[in-house]
Amino acid sequence: MANEQLPSPDQLSYEQARDELVRIVKSLEGGQAPLEETLSMWERGEALAARCHAILSAAEARIQNARGEGTPANAPAQN
C-alpha cells in the first residue's frame, strides 16, 4: 500500500470506500506491516471511514426527507 497513488476518498463511491476499508482492516489485523506503513494505512482507513459515514448520513437524510421527516432548515440539528 505504501507509495501507491490512491484516489482521494472523496472520489470514491460508498462501495469502493467500504471495500478498500475492509482490505485495510484485514491487513492491519494481520500485524505484519512495518510501523510507517501501518500508520499510513490507519490514516487512509480513517479517511475512508469518514467518507462512508458522510455518504450514509446523506442517504439517511434523503430517506427522511422522502418520508417527510426532514428537519426544517431553520431548526437546530439534533446530535
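Axes are lines fitted to C-alpha atoms, for helices over the stretch in contact, and angles run from 0 to 180 degrees between N-to-C directions. The views show a predicted model, in which local features need pLDDT of at least 70 and side-chain atom pairs count only at pLDDT 80 or more, whereas totals for chains, interfaces and linings use all residues. Residues are numbered from 1 along each chain as its sequence is written, and side-chain values use heavy atoms, with hydrogens and water left out.

**View A. Packing of helices H1 and H2.** Helix H1 (residues 14-30) packs against helix H2 (residues 35-66) at an angle of about 145°, the axes lying 9 Å apart; helices here are DSSP runs (H or I, at least four residues), numbered from the N terminus. Contact (heavy atoms within 4.5 Å) involves residues of H1 including Tyr-14, Leu-21 and Leu-28, and residues of H2 including Trp-42, Gly-45 and Ile-55.

**View B. The buried face of H1.** Ala-17, Glu-20, Leu-21 and Ile-24 are the buried residues of H1, where buried means under 20% relative accessible area, exposed over 50% and partly exposed in between (1.4 Å probe, protein chains only). Seen down the axis of H1, these buried residues fall within an arc of 105°, so they line one face of the helix, the arc being that of the directions from the helix axis to the C-beta atoms. The buried residues of H1 pack against H2, while on the other side of H1 Arg-23, Lys-26 and Glu-29 are exposed.

**View C. The residue that follows H1.** Gly-31 comes after H1 and has a positive phi, near 65°.

Notes:
Helices (H or I, at least four residues) and strands (E, at least two) are DSSP runs, numbered from the N terminus.
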